[in-house]
Amino acid sequence: MNLFSLFQISGTALNAERLRAEVVTSNLANSETTRTPEGGPYQRHMVVFHSQPASSFHLLLTGSLARSSAAAAGGVEVSQVVADPAPALRRYEPGHPDADKDGYVAYPDINPVQEMVDLMGAQRAYELNASAVQAAKQMIQQSLQILK
Amino acid sequence: MSLLDTPLVVALSHSLDLIAQRQSLVSENIANIDTPGYHTRDIDFRQELERATSLDQDVARPPFVREVPGLIERPDGNNVSIDRESLLMAQNQLQFQTAAQLLHSEFNRLQLAITGGGQ
């Protein structure tokens, strides 16, 4: 059993939650963006979390081959960042340079409340994983105390 | 059995190993708290400790990891409970500290025996 593998597991989660927070803040920042390099208004993005494979068979197999690597897998990863397929909001603003011939401008369909709730979720999950790192640190220090 | 492999040292090292493995599963569960379809995984601590201490030492088999029954599943198919994992994390930390300090004092006792009680 390698105590340092605990850092790896929590580290993958810290990474993933940070990316989630970044995507959410990007959504908030672009809630009024009507022009993008791809053309059209900005589209809301979402992260897709995926647990890194660590089936009990895998654990048994790697465990019998090399005990130290048995717990190396099993974190979380962001498998993809997908765009929300929801249609754009249309607001009547005839003077806007991006208005169509009827005077409507396409705005991204972003709900600030929903994004803030998502941001809070990412923050809390980040905190929880950070305290898991603290716990691992403490356990390593305590095992060093045995030597004294 | 060598001088240093007293039954207490063997039992304590097994339990330290198991607590660390359990903590790794707790970190995994916490890491996957927002992963759709993920199910909480854990080991049966008491059973695994009994097996580890009863078997020969060279039969090192990793503990059996199972999904925890009876947890409420959220709509996305994930059933990780923050409360359960936080409590387990605190419990693991204290158990680890206890075992590490007991091991430390057992080694101190052995040293006392070696040096003849400081005479």
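This is a predicted model: local features need pLDDT of at least 70, side-chain atom pairs count only at pLDDT 80 or more; totals for chains, interfaces and linings use all residues.

Residues are numbered from 1 along each chain as its sequence is written, chains are lettered from A and ligands numbered from 1 in the order in which they are written, and side-chain values use heavy atoms, with hydrogens and water left out.

Start by colouring chains A and B. Their contact (heavy atoms within 4.5 Å) takes in 35 residues from chain A and 32 from chain B. On chain B's side, α1 and α3 are the elements that give two or more residues (helices are DSSP runs of H or I, at least four residues, numbered from the N terminus). α1(B) gives the most, eleven residues.

Next, select B:D34 and A:R20. They form a salt bridge (Lys or Arg side-chain nitrogen within 4 Å of an Asp or Glu carboxyl oxygen), with the closest N and O atoms 2.7 Å apart.

Now pick A:L3, B:L16, B:F96 and B:L103. Of the 20 residues in the largest nonpolar core, these touch the most other members. Such a core is a set of buried Ala, Val, Leu, Ile, Met, Phe, Trp, Tyr and Cys residues joined through side-chain atoms within 4.5 Å, buried being under 20% relative accessible area with a 1.4 Å probe, protein chains only.

Finally, what does B:F96 contact, leaving aside neighbours within four places in sequence? Look for A:L3, A:M139, A:Q142, A:S143, B:L16 and B:I19.

Terms used: Buried means under 20% relative accessible area, exposed over 50%, partly exposed in between (1.4 Å probe, protein chains only).
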